[in-house]
Structure formats: C-alpha cells, structure tokens
Amino acid sequence: MESELIIHNLSKTGTEGVCLLNNINLALPRGSRLSVLGPSGSGKTTLLRMIAGLDMPDSGDIRFNGVSILDIPPHKRHFGMMFQDYALFPHLDVFHNIAFGLKMKGMPRQEQAPIVEEMLALINLKGFENRKVDKLSGGERQRVALARTLAPSPRLLMLDEPLSALDRVLRKHLLEQLTQIFSRLHITTIFVTHDHEEAFAAGSRIILMNQGCIVQAGTPKDLMLRPVNDWVRQFMG
Amino acid sequence: MKARSYTHPYVLAGLVPLVFFLVFYFYPLAGIFLRSFVPDFPAHFRIDLSFLNQIVESPRLHHIIWFTFWQAAVSTGLTLVFAFPCAFVMSHYQFKGKKFLTLCASIPFVLPAVVVAAALDASFGKDGWLGILNIRHPLVLILMAHVFYNFSVMLRILTSFWTGLRGNIQETAAMLGAGPFQVFIHVTLPLLMPAVWAASFLVFIFCFSSFGIILILGGPAYATIEAEIYRQAAHMFNLPVASFLSLLQIGFTLVLMGLYTAFSRKAVRFVPKAGQAKFKRPGKFMEKAAITGSFGFIILLCLFPLAALAGKSMVHEGQLSLIYYRAIFDNPSTSIFHIPPFTAIKFSFIFAGTALFIALVTGLCAALCLNHLDRIKAKNLAGFFDPLFMLPLSTSAVTLGFGIIITLDRPPLNLRSSILLVPLVHALVGFPFVLRAVLPALKSIPNNIREAASTLGAGPGNIFRCIDLPLISGALTAGAVFAFTISMGEFGATIFAAGPRTPTIPLAIYRFLGQPGAINYGQAMAISTLLMAITAAGFILIEKISSKGLQHF
C-alpha cells in the first residue's frame, strides 16, 4: 500500500550547532497510528512541528499523498495538532474554541453547531458549549483541545504529549478514552510521548528517538523483546 | 513559517511607524539642526555661527539656562521633601481609605499643564480663593505647581520600591542588634537611594522641560529654555537662536534621560519580590498621627487646587452661577485674539479623535513588528527600534512643535495650512503610550496559541483578526484613551502647530488667563474644569481597564 505521509532524510541543526534532527526517514500508511517515543530533547516535538509546518527543516522532504508539502504554510496543510499545554483560545468559550477550525474553513454558523455537538458528545462534555475555558479542569481542557483539533476533520492528527500536564490517575483514564476515540476514527495519528506505556497504548507502531535520531522503529513487542542496544533496554526499563 | 522571515506581514507593519517617525520626528529635528548652523539652506550652504556670539554675549540667555536648572532642582528637592514621609506611611501602613488616597495622589500628574496652572491660579493667584495670603509671587506659584504636578510620580516610585524593600533585610539587621534608626541609616536608606535618585531624575526632567506652567505662571521674567524657545520663535522670529536653544534642550534632555535609565536600571536590580511585605496596622499614637498627617496633606495638596478651580468656575460675583459655562457658547468678541471657547472645544475633540486614530494605527503596527522581531529572535533589531520609538517621550513638546513648523511649511511636504498637522503632532506624542500599552499585552500571548490557530487553518490575517486583536482589545482601549487625553491636554507643540482658526482647549485657556476681566478669568476656569473632568475621566477609565488588564494569562 502507498504510504500517505513520507518523511525523507529530514535534518535540522539548531542555532548553536546542536543537531535537532538527524536524517529522519519515516513512512506512514493511511489510517495508521504511530507513537513517537523518546526522552525530552530527543527531537520528537521538532519533528512534529515540521510536519505541521511550524518549523522548517534544513534539508530533506516531507510528502503527503505523494506531494511535497514543505512550501505549504501550516494553515493550508489541514493537519490537526494538539499542543502539550493545549493552547486553548482564552477569549473564546468552549463552543467557539471547537468551532474555530470550521469557521476558518468558511463554514456557516448553522452548519458548525451540529459538528460541535458531535465533538462534545465524543469527548463526553455535552452541555459545556458556553463554558469559559479558564473555568475548565485540566482533563476537560485536554478533551476540548482534542475536540478542537478533530472538528475540522484534519487529514492527519498529531498529539504532542497530550497527557503530560495531567495527574497520574487522570492520565490513565484519559489514555483509555483517547485510544477508544482513535480506534473509532480512521485517521492517521502521530502520538508524541516520553512515557512508553502511553506509547504502547496509543500506537500500533513506535519509533524511539534520541538526540535527533531514530534509534529503533518497530512494534511495541519489537522494542520490548528485541532492543537494538543497551540505551533502548535502559530506556524501556 | 521560516525561523527568520523579515517579509512576514507583522514585520512589514513596522514600516508604518518608521515612515511616520522619519517624516514627523527626525525630519523636523534635522531641520532644527540645519537651521541652527546653516540658516540660508537650501539657497546657500554656508555655515553661520554668528548667532553663537549672540548667545555667548547675552546675559539674559545665560540667566535663562541657569534658571532652567535652578527651578528644576528646587522643584525636585521640594517634591522629594514632601513625598518622602508620605511614601514611608504609604509603604508601611494599612489604613482605611488608602486606595482612595492613592487614586487622589495620582490624579494631578495626568492633568494637562494648563489645567494645573489654572488650578494654581484659582488657589493662590490674584483672584484665587487664597489670594489674600499674598503668596502669588510667580516663582512660588511655579514651584508649587511643580510640586503639585510631580508629587504623585515621586510618591508612586518611592512607595512601590519601599514596600518591596521591607521585610527580611531589615528584620535581619534588627536581629543583629541595630535599632530602628540605625536600620534606617545603614540598611534602608542605602537600599532606597537608587529609587530616590531615579525618581528625582524623572521629576527633574519633567520640571526641566516644563512649559505650560512656566509660560502661564511665570511670565516673561521667569523664562526657562522651553519658554524662551517659544518667545524667540513666535515673538521675535529669531529662528537661529530658537533652533540653537532647541538643540540645547534636546541635548540636555537626552543626557538626563540617559542618567535616568542608568539609575532606574540599578534600582530595578535591587527590587526584592513584591507582594511579600505585610502592611502594619497603626497602633501607637505617633503612627496614627503620621497617617492622619499624610492623609490630610495629600488630600490638601492634590484635591484643594482642583476643588478651587471647579469652585471658581461656578462662582460669579460671589454667587453660584453657571454664567461662565453658558458663555462657552457665546461669541461676543470680535477681537482677532479672541478664541470662541466652543470652537476650541470642537477642534480639540476633532484633533483628539484624529490623533487617537493615527496613534493607534502606528502604535499597533509598531507593537506587532517589535513583538514579531522578538519572537523570530531578531533581538538586535527589536533592541534598536524599541528605544527609538520611545524618543518622543524624551523630546520636549516645544522643540517638536518648533521643528515641525520650520520644516513642514514648505515643499517637499507643506502641511502649514493642513488640518492634519496638529493631530499628527499629537499622535507622535501619544504614540509611545499606545506602544507601551499594547506591546506587553502582545508579548503575554503565548505563541502556541497563534500556532494552534494556524494549524486550524488561520492565515496571518485571520490570526490577527481572531486571536491577537481580541486578546489585546483591553490594552488597545487603554492606549486609545491615553492618546485621546494626551491630545486634549497637549499645549507645548500645539501652540506652534495650531493655526489661529483652529484653536484647542489648552490654547483657549492660555489666552483667557492672559486677558484681564472677570469674564475672561471665569471662562478660563470653566473650560479648565471641563478639561480637568475629561482628563480625569480618561485616567480613571485607564485604571479600570488595566486593573482588569491581562486577565487572560
């Protein structure tokens, strides 16, 4: 099957000569779920931001459905990205946060409403339309951010450490909810995390990154049973 | 979004204030420079320094320069003497009515200089309530006006710094066996000194470039450099001397501003965490007496002149009357020097509205540009343009107005008879306030909010419209009110730039105060009261907005 997202020889060097990404190659089939795992500073977020178009690589290419997207600005890529601290719009209520992407598409208000309703049902927050986002709990914010990302039906869903700002109990509960939602939507998903349990639960394939390189790629089983080196073994505990 | 994109719309927006500055700030200042040394330009390029002899040989000018420094130093000293004890009380004690007192203390500073002059006149002048005290010597009035005007700045800086200083350091010193007096001399005072210096410098600069107060209360005998620039230019048409005095004024203020920046930087470094300090409740008799004394003094100093002004505007021949307010709409005089008050009010509003618009657009563009430069790590550029955009604050209004009328009255840009000239100058003066209001609000917006919007399909235009603009709307409103009230009260530049047919409220006040007769005096009081009300309302509005302020983050 032809891969939907292809990343080819992607590299970037930071301002002080630090290698942020080193020759990353990756291919994602349509509807697949990938977890990007690695310690902080390993380049996971940089990779995600490049796919989103928020950062530019020094060299290499990113292709989507066979077309290079490097020259397409982020707002024309139609990729959804959920930010680590959610980045909800503080001046808008829950409804307008979720409807933002639809509004940007030029969708009339009466068509937005049913989609927002559907999203609120998906994240179990029915009736929250008029809440101010600063009145929401951490878990509620996280789910609103997810709904906002999903509402405009993005071609690709990216989540940057979506659970890291939550406490442990809540994290476990929301991880289950997330995986349920993923299995219901057949959308290509990239899930970035530093926690291998999350990575195993969220992705059918995993790439493990360190210092800007992919150290190992494979299924969760591969990583657990056949670590390529000591560092991987240590990281996986 | 490339790491460095100088073609981003926000960066290009910076060209708007840049061109605005080149044309209406740097070009006029260059004109002053040129007019000083090359009077015949552009006909002949001949450097003429003969006016320097005029200055060197003129004892009057020597005296003026001396007096400018002298009055600024004395005014600053007096302000410090009065503000210091009050700052002690405000920074140490919690008492009933403290908030109200803080508000009262800050009102004089936001009032236009002409209103302050009129208020002092209403209190201690010939026809003032306390005229009977016979302390209406011009010098006394000037010094009192400067203390009245600058007390709040001094008080604010000292109080906030002193409040931050209190706590551990002093307690530690006390534990080491230092008595209260020793703690004050050896610990508090040395730590407080940078703030005292910084506040004093600021007040000194304000008094140094004070114009309206000096012109109205001082008369020709008590001229400062600012007042003399106006006299030389407007009454004697001695442009080279006026230009040179402007250069002097610019030089002096730049040096003073540099010193102020150095001192305040030092002061800031020392500031311990604010908000830790606990305020004491007064207990001992002495403490209660000190609070009562400060309370009474601040109320008397800050509110009495304003009440006197409002009172004078409503009393005619010993009776309560609104005759002066009704007279605003009459135009009985046919004298060419007469300014019909209603016309002045009308033009003030037109000018202030236009200035608000210009200052808001240019200020917003500058803020967007500086914020974006900061974000794309072009710190050098941001570090260059930020202080550059603040320059109008440290340029005296008189030099600005003078520069503008000697450069923008001929091709390539002749605005002499343009109705836009006054609003443009006012916008230049209001611009730094808009920038300072908007830039922190923009900087407080986390960038990932914009990024989130862009991944949701918002291009630069939509990000501006749907994210940035709504999030800075409070700051923009505050900036707009600033620009409006500054324009309403601006006097120093307006006296040059406004034509005889387009007077403003401050010009009308100045004229009325300078003419004899009860009706003229009463009308000056009435329109001063009006201007005072407008400015005070604007100030209270800004306080309201900024206390709600950056609520989002």
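Visitor: How many salt bridges does a search of the whole structure find over all chains?

Guide: The search finds 14 of them. This is a predicted model, in which local features need pLDDT of at least 70 and side-chain atom pairs count only at pLDDT 80 or more, while totals for chains, interfaces and linings use all residues. Residues are numbered from 1 along each chain as its sequence is written, chains are lettered from A and ligands numbered from 1 in the order in which they are written, and side-chain values use heavy atoms, leaving out hydrogens and water.

Visitor: Why is the meeting of Glu161(A) and Lys44(A) called a salt bridge?

Guide: The term asks for a side-chain nitrogen of Lys or Arg within 4 Å of a carboxyl oxygen of Asp or Glu. Between Glu161(A) and Lys44(A) the N to O distance is 3.8 Å, so the pair meets the rule. Side chains of opposite charge can pair when their charged atoms come close.

Visitor: What parts of the chain does this pair link?

Guide: Distant ones: Glu161(A) lies in the loop between strand E7 (156-160) and helix H5 (168-184) of chain A, and Lys44(A) in helix H1 (residues 44-52), 117 residues apart. Helices (H or I, at least four residues) and strands (E, at least two) are DSSP runs, numbered from the N terminus.

Visitor: Which salt bridge crosses the interface of chain B and chain A?

Guide: The rule finds 1 there. Glu451(B) and Arg49(A) meet at 2.6 Å, N to O, so this pair also falls within the cut-off. On the side of chain B that touches chain A, helix H19 (447-455) and helix H20 (460-471) of chain B each supply at least two residues. The largest share, 7 residues, comes from H19(B).

Visitor: What makes the two chains count as touching?

Guide: Contact means heavy atoms within 4.5 Å, and 21 residues from chain B and 24 residues from chain A take part. Together the chains bury about 2000 Å², 67% of it on carbon and sulfur atoms; buried area is the accessible area (1.4 Å probe) that two parts lose on being put together, summed over both.

Visitor: Why is chain A called as compact as a globular protein of its length?

Guide: Its radius of gyration, taken over C-alpha atoms, is set against the globule rule of 2.2 Å times the number of residues to the power 0.38. Chain A has 8 helices and 10 strands. Its radius is 18 Å, close to the 18 Å that the rule gives for 237 residues, so the description holds. The C-alpha atoms fill a box of roughly 55 × 40 × 40 Å along the principal axes.

Visitor: How do you know that strand E4 and E5(A) pair?

Guide: Two strands pair if DSSP finds at least two bridges between them. Strand E4 (residues 59-64) and E5(A) have 2 bridges, so they qualify, in the antiparallel sense. Phe64(A) stands opposite Val67(A) in E5(A).

Visitor: What is the order of strands in the open sheet of 4 strands?

Guide: In chain A the order is E2-E1-E4-E5, with antiparallel pairing. What makes strand E2 (19-29) and strand E5 (67-68) the edge strands is that each pairs on one side only. Strand E1 (residues 3-13) and E2(A) are joined by 7 bridges, with Thr13(A) opposite Cys19(A). Their hairpin has 5 residues between the strands, and Gly17(A) takes a positive phi near 80° there.
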